[in-house]
Amino acid sequence: MSLPGERLQKVLARLGVASRRGVEDLIRHGRVTVNGQRAVLGMRVEPGDAMMVDGKEVVGETRAVTLMLNKPTGVVTTARDERGRKTVMDLVPAIPGLHPVGRLDMESEGLLLLTTDGELTLRLSHPRYRHRKSYRIWCRQGTVSSEALRRLLRGVELDDGPARALQASNRPGGCLLVLAEGRKRQVRRMLEVLDYDVTRLVRTGIGRLELGDLAPGSWRELSPDDIDEAVIDGA
């Protein structure tokens, strides 16, 4: 069962008091209080708790917000677009600090996370964590052959280096792939190498977090347990 609230040092770092390590030093030196009591490392806080550093109140939104969006086609994954195209930010509430985590191509669909939590963004975006992402793919040529799937598992050479799938299986009209990296248009390019043209691509999962029956263009707020499901496969 998840513990209530968030760790104090994470909240204060998000509010710009100092880096995570800097906040930990402040707590160790007794310069931080919560609800009038001296803070300790590992303490958890909730919205409404009074946090003070050196006797001055720290104000701001203490609770990180993370949304899961079923991104439809024709929408760009960016906070704003110079060409005036519709962005994913047009589909979610206007929340200060909210930004997309990673990218989905304009013509791709499916699970996209948006968050106010910079640490979560780093955890899910940095290549070293190798989070698994699942994709359901349809191809103009139909179901991907078993030999092509074996090649995807062994790895194919792209113009920016080798790439391979962690899992690959047949599906009617295409295939299902699981990757642990996310280079630009990587799934499409991997299949193009094998002479398959992708006609539709839907990201269905990140880690153990699944898109489920969320309708295209719809979103829902994630719980701490949902977020754990998204990051659990990271190295």
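Tutor: Two strands pair if DSSP finds at least two bridges between them. Strands (E, at least two residues) and helices (H or I, at least four) are DSSP runs, numbered from the N terminus. The structure above is a predicted model, in which local features need pLDDT of at least 70 and side-chain atom pairs count only at pLDDT 80 or more, while totals for chains, interfaces and linings use all residues. Residues are numbered from 1 along each chain as its sequence is written, and side-chain values use heavy atoms, with hydrogens and water left out.

Student: How many helices and strands does the protein chain have?

Tutor: The protein chain has 6 helices and 17 strands. Its C-alpha atoms fill a box of roughly 65 × 35 × 35 Å along the principal axes.

Student: What does pairing between strands look like, and which strands pair with strand 14?

Tutor: Strands of a sheet pair through backbone hydrogen bonds, either parallel or antiparallel. Here strand 14 pairs with strand 10 (residues 133-139) in the antiparallel sense over 6 bridges. Strand 14 also pairs with strand 13 (residues 167-171), again antiparallel, over 5 bridges.

Student: What joins strand 13 to strand 14?

Tutor: The two strands form a hairpin with 2 residues between them, and Gly173 in this hairpin takes a positive phi near 80°.

Student: How much of the protein chain is buried?

Tutor: Buried means under 20% relative accessible area, exposed means over 50%, and partly exposed lies in between (1.4 Å probe, protein chains only). In this protein chain, 42% of the 235 residues are buried. Strand 14 (residues 174-179) is mostly covered, with 5 of its 6 residues buried.

Student: How many disulfides does the structure hold?

Tutor: A disulfide is a covalent bond between the sulfur atoms of two cysteines. The test used here is a pair of cysteine sulfur atoms within 2.5 Å. The structure holds 0 disulfides. Cys139 is in none, and its nearest cysteine sulfur, that of Cys175, is 5.4 Å away. Cys175 is likewise in no disulfide.

Student: What does Ser134 touch, leaving out residues up to four places away in sequence?

Tutor: Contact means heavy atoms within 4.5 Å. On that count Ser134 touches Leu177, Val178, Val202, Arg203, Thr204 and Gly205. Ser134 counts as buried because its relative accessibility is 16%.

Student: Where is Ser169, and what does it touch?

Tutor: Ser169 is in strand 13. Not counting residues up to four places away in sequence, Ser169 touches Leu149, Cys175 and Leu176. Ser169 is partly exposed, because its relative accessible area is 24%. Ser145 is 24 residues from Ser169 along the chain, and their C-alpha atoms are separated by 9.3 Å.

Student: Where does Gly42 lie?

Tutor: Gly42 lies in the loop between strand 3 and strand 4 (44-45). With a relative accessible area of 27%, Gly42 is partly exposed. Gly42 touches Arg7 and Gln9, again not counting residues up to four places away in sequence. Gly42 and Lys10 are 32 residues apart in sequence, and 9.6 Å apart in space from C-alpha to C-alpha.

Student: For the protein chain, what percentage of contacts join residues at least 24 apart?

Tutor: Among contacts between residues at least 6 apart in sequence, 62% join residues at least 24 apart.
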